[in-house]
Amino acid sequence: MTAAPCPCCGRPTAPARLERGPLVMDPLTREATWAGAPVALTHGQWRALWALARWPGAALSRDRLLDALDDQGMCADRCIDTLVKRLRARLRAAGAGEPIRSIYGDAHTLTAQRDRRPPRG
């Protein structure tokens, strides 16, 4: 996903919304929704989810997620584990189930599938 150039000046514009199944992310407002339900995220959680959503199904290593956070070395490897744990909790609270899968000892991936629980009612 690349930003389209501005028709007036040719400079890159902000990237468009990103949609991955029920996940919708808007980089201009920094809002995320899952199947229409808002997902309240911290800045770091939003950036990590954005990175995972840009390459759904791809295994992103801790180093790659650290790069996505652009934190100038303020976060260590285990910080990513905590961030992903809290991100999962936020997604669960929005009804997403478990869309982030860990690959033992190395990476995380987004499956972006709807929650498989039976419908209410």
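Guide: Start with a definition. A helix is a DSSP run of H or I with at least four residues. Keep in mind that this is a predicted model.

Visitor: Where is Asp63 found?

Guide: Asp63 is found in helix 2, residues 62-69.

Visitor: Why is Asp63 called partly exposed?

Guide: Its relative accessible area is 48%. Buried means under 20% and exposed means over 50%, with partly exposed in between. So Asp63, at 48%, is partly exposed.

Visitor: What makes the negative surface patch?

Guide: Asp63, Asp67, Asp70 and Asp106 form it. Patch residues need over 30% relative accessible area. Asp63 has 48%, so Asp63 passes that cut-off.

Visitor: What joins strand 5 to strand 7?

Guide: 2 bridges do, and the strands run antiparallel. The cut-off is at least two bridges, so strand 5 and strand 7 count as a pair. Leu60 has His108 in strand 7 as its bridge partner. Strand 5 itself covers residues 60-61. A strand needs at least two residues, so this run qualifies.

Visitor: Which way do the residues of strand 7 point?

Guide: Ala107 and Thr109 point one way, His108 and Leu110 the other. All are buried. That label means each has under 20% relative accessible area.

Visitor: Which residue takes a positive phi in the hairpin of strand 6 and strand 7?

Guide: Gly105 does, near 70°. The hairpin has 3 residues between the strands.

Visitor: How do you know that strand 3 pairs with strand 2 and with strand 4?

Guide: Strand 2 (residues 23-26) and strand 3 share 4 bridges in the antiparallel sense. Strand 3 and strand 4 (residues 37-39) are joined by 3, again antiparallel. At least two are needed, so both pairings hold. Trp34 figures in each: Trp34 is the bridge partner of Leu23, and Trp34 stands opposite Ala37 in strand 4.

Visitor: Which face of strand 3 is covered?

Guide: The face with Ala32 and Trp34 is covered. Glu31 and Thr33 make the uncovered one.

Visitor: What is the phi of Arg30 and of Ala35?

Guide: Both are positive. Arg30 has about 55°, in the turn between strand 2 and strand 3. Ala35 has about 50°, in the turn between strand 3 and strand 4.

How values were computed:
Residues are numbered from 1 along each chain as its sequence is written. This is a predicted model: local features need pLDDT of at least 70, side-chain atom pairs count only at pLDDT 80 or more; totals for chains, interfaces and linings use all residues. Side-chain values use heavy atoms; hydrogens and water are left out. Buried means under 20% relative accessible area, exposed over 50%, partly exposed in between (1.4 Å probe, protein chains only). Patches are made of residues with over 30% relative accessible area and no salt bridge: like charges are joined within 9 Å, nonpolar side chains (Val, Leu, Ile, Met, Phe, Trp, Tyr) within 5 Å. Accessible areas come from the Shrake-Rupley method with a 1.4 Å probe; for residues, only the protein chains shown count as cover. A salt bridge is a side-chain nitrogen of Lys or Arg within 4 Å of a carboxyl oxygen of Asp or Glu. Lys and Arg count as positive and Asp and Glu as negative; His and the chain ends are not counted. The place of a charge is taken as NZ of Lys, CZ of Arg, CG of Asp or CD of Glu.
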